[in-house]
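User: I am new to reading protein models. Can we go through one together, step by step?

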Amino acid sequence: SSNSSNNNTASNSNNSKNKSDNSNNSNSKNNNNDSYDNAKSRRGKKQSSKSSSTNNDSSNNNNKAATAAAAGSNSTSSSSSSSSSNATTTPVTTTTTTTCTLHHHLLPLPLVLTVLVCSGLFWIASFRDLMATGKPILDTLGVLWGQDDADANFLQYTKSTAWFEDTRGWKSTQGGLSTIMSTTTDANNMGGLFVRKLSGVAGLSFHTTKLMPVVFHSPPQYHHGKWTGASWSAGHFDPVLILGMMGDVCLGVFYLGRLEELKDAGCGGLGMAFVLTSLVEAFILGMYMLSRRMNHKSQPNVPKVTTSTASARTSTANPLDENPNSLPSRIVARTVSIVSTLISLVSLRDLLLPGAILSFLPRDDIYLEWTGAFLHSPPPDTVEADEYGLESPLFAGDLLVHQLLGLYLFLSCAFKFASALGWSKGNRSMGSGGGGGGAKAMMMEENAERSGVVSSKMIWKAQALGDVGVLTVLRMFTPAAKSASLDLRWHLMLVAYEAFILSLYGFW
């Protein structure tokens, strides 16, 4: 009995232990459940707080965006990004006004006024030679050079008044295009009129090349998927300024060498006005070009695009893209090399060796005889020298017009040679004050590879118009030249082809 009681006591103690263990386990489970629920509730509270903070942030961002959009009407913000190997960007916001941007792209107003006044004087004189040969229209400005009849004396000296008559009122030809006859005679002297009309067209071509890009300049703008226009700060006008400066110096030296003859003819004031106008314009063009380059180099934030980076960007962007080191247009280069080379040879002969016969040109002797070159510059040891040698000093005015024609034609050809062969497509940027994203970055990237084309197109547009003028004069004098056994059909075809190519690549 004692053993059984002991067993019962042991079993009761075991049961009590089991119950205590079960109670402990249940308590621990309850505690675990309580801790899980507490953790879950705390996690839920955190998520709710995060969602509320996210909502608050989004609302704050929306408010900030609305505020920025409202402030966008007063100022424009641009962010500059610097890309590294892991493609991380760091935006830098800069604020520029529209006036500051246009100030970088537009030409200085004093430069525009200088070109308009100086080149405008020569442009009017050239237009007079084309449309009103022999009319002294520059005498209205005689107060500027102190002679009221200087232009009339100049036209008398060059014998241009032979084709001007105004005795029949509105029926008078007055030196216009209606003075061109279909037959050449000794009385009408169509060859001499041809030289004066063609000299007027060549002068218009040269001076229009300076006036047109400056006066009718449009700043860069994104149009039909590409950037159009030109920028002053990027140096797009530098070639025009350099070539125009060189041409003005040549023109000033030309009139300066004949200043004594013009004084003897009673038009020294007009000759001095031509000399000073050309040299002053050349000086101002050079000063503005140098100041632009110095200011461009002094800006530390101006992005510079090297040739290697431009080529690498071109090769990686699209294999069909053009190389910035290539010529602006190979077709234009070939056309100008063929046509303008022949024109340059003839113009240099007329300027430096008037009256010299070029044997490789067909019927060149007939051309010289038709234009009266043998009268003022007969070749030595020839029949013309024996016949016109003593009278040649009397035709000094005709010699001046003949050489002026050669000078203008050569300067126009120099513009075409330089625009087609003088530089590549270029690797310059638009010259803005700093980096930028969006439209500004596209503008700089686009013009970094085609800045040379922008400069070339300025010249091609003006020279295309000049070639059209030369073509018109040649066509109008074709019957008169044919009556003198001079065929101008080859001249027409060459000039027409060059005018077509320049127009195609200049305006489109």
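User: Which helix gives the largest share of the lining of the largest cavity?

Analyst: A word on the source comes first: this is a predicted model, where local features need pLDDT of at least 70, side-chain atom pairs count only at pLDDT 80 or more, and totals for chains, interfaces and linings use all residues. Residues are numbered from 1 along each chain as its sequence is written, and side-chain values use heavy atoms, with hydrogens and water left out. A cavity is a set of points, on a 1 Å grid over the protein atoms alone, where a 1.4 Å probe fits but cannot get out; lining residues have an atom within 4 Å of a point. Five lining residues, the largest share, come from helix 3.

User: Which helices each supply at least two residues of that lining of the largest cavity?

Analyst: Helices are DSSP runs (H or I, at least four residues), numbered from the N terminus. The lining has 16 residues, and Arg-128, Asp-129, Phe-154, Tyr-255 and Leu-404 lie nearest the centre of the cavity. The helices are helix 3 (109-131), helix 4 (150-157), helix 5 (190-215) and helix 14 (396-421).

User: Which helix gives the most to the lining of the second largest cavity?

Analyst: Helix 5, helix 14 and helix 15 each supply at least two residues there. Among the lining residues are Ala-202, Leu-409, Cys-413 and Val-470. The most, four residues, come from helix 14.

User: Is Cys-413 buried or exposed?

Analyst: Buried means under 20% relative accessible area and exposed over 50%, with partly exposed in between (1.4 Å probe, protein chains only). The relative accessible area of Cys-413 is 1%, so Cys-413 is buried.  Cys-267, at 0%, also counts as buried.  The word for Cys-413 is buried.

User: How many disulfides does a search of the whole structure find?

Analyst: A disulfide is a pair of cysteine sulfur atoms within 2.5 Å. The search of the whole structure gives a count of zero.

User: How far apart in space are Phe-477 and Ile-180, C-alpha to C-alpha?

Analyst: Phe-477 lies in the loop between helix 15 (439-476) and helix 16 (478-483). Phe-477 touches Ile-180 (contact means heavy atoms within 4.5 Å), and also Trp-370 and Leu-488, among others. The pair is 297 residues apart in sequence, yet the C-alpha to C-alpha distance is 7.1 Å.

Notes:
1 Å grid on protein atoms, 1.4 Å probe; cavity = no way out; pocket = protein on both sides within 12 Å on 5 of 7 lines; lining within 4 Å. Lists of a residue's contacts leave out its neighbours within four places in sequence.
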